Amino acid sequence: MAASDRTVLQFGPSSAVTSNITAKVHPLVIFNISDCYVRRPDQAERVIGTLLGSVLPDGTVDIRNSYVVPHNEFSDQVALDIEYHHTMLKSHLKVNPQEVIVGWFSTGLGVTGGSALIHEFYCREVPNPVHLTVDTGFRNGEGTVKAYVSVNLSLGDRQLAAQFQEIPLDLRMIEAERVGFDILKSTSVDKLPSDLEGMEVLMERLLTLINDIYKYVDDTVEGHAVPDNSVGRILSETVASLPKLSPPAFDKLVNDSLQDQLLLLYLSSITRTQLSLAEKLNTAAQMP
Amino acid sequence: MANTMARSFLQVAAAEEVAPPLRVVQIEGLVMLKIIKHCKEFSPALVTGQLLGLDVGSVLEVTNCFPFPIQEEDEEIEADGANYQLEMMRCLREVNVDNNTVGWYQSTMLGCFQTAELIETFLNYQENIRRCVCIIYDPSRSNQGALAFKALKLSDSFMDLYRSNNFTGEKLREKNLSWVDIFEEIPVKVSNSALISAFMTELEPDTPVTQRDYDRLQLSSSPFLERNMEFLIECMDDLSVEQQKFQFYYRSLTRQQAQQQSWLQKRRDENKARKAAGEEPLPEEDPSNPIFKPIPEPPRLESFLIANRIANYCNQINGVTGQSFSRLYLTKALHDN
């Protein structure tokens, strides 16, 4: 398209709105996308799919789920299996009617020409779709996840092009944290840790943390390390937040709780004995 | 020559029938996250879903899953549910996901999942699939910091017995089957693809303390323990009801036997009298007499399930109290310092 050199590209008035949009991505989405990428058919270079989620009242887009849609990509044409997309959408909506389309994803770094076409298609489904790119090729030496929205560039009254503007992305890893990164990180974990083992690991970590803090405080006092006021303030707040109870009151509290727990433990052992008795009664009774 | 080869092939094919026993269930991290998300979203309602994967030797690999929509009790929705399942499987097949059902998952509230319906579902699945597991996830226990995933399967001996409907005391004693033997828990292994592990390593935040640690260090475990105790007490009540049923049955059985004996005695006396009088002796059995009617034995399945549930609650209580001990000692040590 010809553009004279004195026209000015105007960013549409919607840019003020888009700058407020942020996206939050749940770890499940990344898992799903990686899994689909690993399973893609041999001739496809990237995978494309739909993002499901909801728009929170403060404008952030919460991306919670995703599914991949088969597509074919030629030099500058893209064919998306629309029927598949609608079928999957219907199935997902049956399970969770609150998760609606909020955008689409593709693997690979950057946005290509074909993406604009796909984005247009999604614009027809949802007013302002978010485009997520997940770089599975690790091209920059790290896996980058970026989110974009499209902004219409207009020249006067004419629509010129759509620009993909990056929006801030928040990776909420809280669920992944809950499961435990050590389980999710390694390629194979031999068994799920039981309660007490997890407690043990936790204690060790706490111990290392406390040791680190001790060392830091010692170093600062002796002048080896640069004192940082904010860190010092945080430390003093933490120490002060321990509730101030007189030792006898605290002891009584702790001992009471201990006694309660012991009582429960005793009760459960009695119940188990009762169980084995009951079982004997039920099955071992012989009739003459 | 061809004969021997054919025979050996047949032999091999016949030998394949004996599958190695299931030792480990290997779940992908993706499946775990999906299950956790689905169960948490709908808690406290109980939800189910289907597991897909591969059955390889002694390992059952679960590579994907999809949730079932919550179904209202309606006739037409039955067909809908089956349709939904077929559609999902078809769509997933198109994107190269393993299309093989290997079981189902369900969420539970504080561990009361051992019900007769579970056994029914297991048997239904077992008809079509040779090996299936059920994964139970407990979101309320996971809030305490432990990851409450369990893979269950019905033990073979129990299944045979149940199918033959021979669930009487005699048979149970024969096979030495007790309530412990109904469900078998299979150890769970987690595996992730290399791409995912690269991503997670990349995206892991730097803080050494995670949300999970916060959950674990919570001092207030009493609401959880209270609910556990409530369920335990209810189960004990149920157990005592079942035991009363057994007592009643035994009592009536003894009474019936006594009656039979006295009736038999009377008959014998009568017969003696008749013989003395030269008449035909009456038969010593009288199937139409109601005291000979066999009394049905009360089903033992329910009491077994209750026993299982109680054991589960006890285990949970033990686990949580163990954790609380450590926490309390920790606070004590901190306070002393």
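B:Ser142 has its place in helix 5 of chain B, which covers residues 139-142. In this predicted model, B:Ser142 has a relative accessible area of 9%, and it is buried because that value is under the 20% cut-off. B:Ser142 also shows how distance along a chain and distance in space can be told apart, for B:Ile36 is 106 residues away from B:Ser142 in sequence, while the C-alpha atoms of the two residues are 9.5 Å apart in space.

## Chain B as a whole

Chain B contains eleven helices and eight strands, and of its 337 residues 48% are buried. Among the contacts in chain B that have a separation of 6 or more, 76% are between residues 24 or more positions apart. The accessible surface of chain B is about 17400 Å², and carbon and sulfur atoms account for 52% of that surface.

Helix 4 of chain B, made of residues 116-128, has a set of buried residues, namely B:Leu118, B:Ile119, B:Phe122, B:Leu123, B:Tyr125 and B:Gln126. When one looks down the axis of helix 4 of chain B, these buried residues fall within an arc of 165°, and therefore they line one face of the helix. On the other side of helix 4 of chain B, the residues B:Glu117, B:Glu127 and B:Asn128 are exposed.

## Chain A and its confidence

Chain A has nine helices and twelve strands, and buried residues make up 40% of its 288 residues. In chain A, residues 24 or more positions apart supply 58% of the contacts with a separation of 6 or more. About 16300 Å² of accessible surface belongs to chain A, and 57% of this comes from carbon and sulfur atoms.

The confidence of the prediction should be kept in mind when reading chain A, where the mean pLDDT is 74 and 72% of the residues reach 70 or more. Within chain A, confidence is highest in strand 3 (residues 48-55), at a mean of 85, and lowest in helix 1 (residues 15-18), at a mean of 45. Over residues 1-18 of chain A the pLDDT is below 50, and in the model this stretch has 19 contacts beyond near neighbours in sequence.

## Empty space inside the model

Rolling a probe the size of a water molecule over the atoms is a way to show where empty space is left. A search of the whole structure finds five cavities of 30 Å³ or more, and the largest cavity holds about 320 Å³ of space. The largest cavity is lined by 27 residues, of which A:Asn65, A:Ser66, A:His92, B:Lys34 and B:Cys65 are the closest to its centre.

Both chains contribute elements that give two or more residues to this lining: from chain A these are helix 2 (27-38), strand 4 (61-69) and helix 3 (82-95), and from chain B they are helix 2 (29-42), strand 3 (59-67) and helix 3 (75-94).

## A buried serine beside the cavity

A:Ser66, one of the residues closest to the centre of the largest cavity, lies in strand 4 of chain A. A:Ser66 counts as buried because its relative accessibility is 3%, which is under the 20% cut-off. Leaving aside residues up to four places away in sequence, A:Ser66 touches A:Val29, A:Asn32, A:Ile33, A:Thr50, A:Leu51, A:Leu52 and A:Phe105.

Definitions and conventions:
Residues numbered from 1 in each chain as written. Chains lettered and ligands numbered in written order. Predicted model: local features only at pLDDT ≥ 70, side-chain atom pairs only at ≥ 80, totals over all residues. Heavy atoms only, no water. Helix = DSSP H or I, 4+ residues; strand = E, 2+ residues; numbered from the N terminus. Buried < 20%, exposed > 50% of the residue type's maximum accessible area, 1.4 Å probe, protein only. pLDDT = per-residue confidence, 0-100. Contact = heavy atoms within 4.5 Å. Areas by Shrake-Rupley, 256 points an atom, 1.4 Å probe, with all protein chains shown as cover. Arc of directions from axis to C-beta. 1 Å grid on protein atoms, 1.4 Å probe; cavity = no way out; pocket = protein on both sides within 12 Å on 5 of 7 lines; lining within 4 Å. Points joined across faces, edges and corners; volume = space filled by probe spheres on them.
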